[in-house]
Amino acid sequence: MRVEILEVLQGHFGKDKDINVDSHMMDDLGGDEFDIVDVFVQIESKLGISIPEEETFDIMTVSALCEVVERHVGSD
Amino acid sequence: MLGQIKLVLFFLFLSSIGGVIWYVQHLQAENEILTLNNEKLNGAVEQQQALIQQQLRDIESKTAINEQITKNNAKLTADLNLANEKFNKVNASGERRDVGNLALSKPKSIERIERKRERQRARCFEIAQGSALTEEELNATKKSQINAECTNIANPNYTPY
């Protein structure tokens, strides 16, 4: 599942970016708040899940992103 | 007989004098009319010249307004393109982000971001009007810490990377 998340992140921010769980989507990957929402939409579409918006507020790091996605994979 | 001739000549002389007087008076009356007409025409010419000058000034004014509108349009188009690039930028896969579609999928998230941006815009106006920068603004060096609406004046220590 983390592979799919990484694919989405690389497809969005670029394969040349060094993306790991500690990466900050704004500070390290150069995204903005809209990019983070866009990434969530892409991940939901790719994994066929639905994450309540409230749970995605203020998520900035890849680790926090993985955590919230993992909570919903299989539970949907 | 001679007396009669003199009388006739005298009447002819009187008639001639009368004719000349009438002719001169007629000429004077005509001259007065022509003088008045000439004055009226001069007045009309002055009015027309003033009107032409006014029209020339109006044309200059309209040309200046048109130039200003053209400049404003160019600036608005540039701003629109900039905003379009900012909101609907292309990601690494070459797909254009559509904030409108994102707002349909995630309305609360987009509203939240917009509210944050609104607060940042208001802060930009405060700074532009002379408000001192806060420690947080001065110390912002990361993208997540900056005021995205006016980084150049709100976060002098931030270097885009």
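These legends describe close-up views of a predicted model.

**View 1. The interface of chain A and chain B.** Chain A contributes 25 residues to the contact, and chain B contributes 24 residues. Between them the two chains bury about 2200 Å², with 53% of this area on carbon and sulfur atoms. Of the area that chain A buries against chain B, 33% is supplied by D27(A), F34(A) and E53(A), more than by any other three residues.

**View 2. The side of chain A that touches chain B.** At least two residues of this side come from each of α1 (2–13) and α2 (33–47) of chain A. The largest share, eight residues, belongs to α2(A). Sorted by class, this side of chain A holds seven nonpolar, nine polar and nine charged residues.

View 3. The 12 residues of α1(A) should span 16 Å at 1.5 Å a residue, and the end C-alpha atoms are 16 Å apart, so the two values agree. Buried residues in α1(A) are I5(A), V8(A), L9(A), G11(A), H12(A) and F13(A). Their cover includes α2 and α3 (62–72) of chain A. Just after α1(A) comes G14(A), which has a positive phi of about 120°.

Methods:
Residues are numbered from 1 along each chain as its sequence is written. Chains are lettered from A and ligands numbered from 1 in the order in which they are written. This is a predicted model: local features need pLDDT of at least 70, side-chain atom pairs count only at pLDDT 80 or more; totals for chains, interfaces and linings use all residues. Side-chain values use heavy atoms; hydrogens and water are left out. Contact means heavy atoms within 4.5 Å. Buried area is the accessible area (1.4 Å probe) that two parts lose on being put together, summed over both. Helices (H or I, at least four residues) and strands (E, at least two) are DSSP runs, numbered from the N terminus. Ala, Val, Leu, Ile, Met, Phe, Trp, Tyr, Cys and Pro count as nonpolar, Asp, Glu, Lys and Arg as charged, and the others, Gly among them, as polar. The expected span of a helix is 1.5 Å times one less than its number of residues. Buried means under 20% relative accessible area, exposed over 50%, partly exposed in between (1.4 Å probe, protein chains only).
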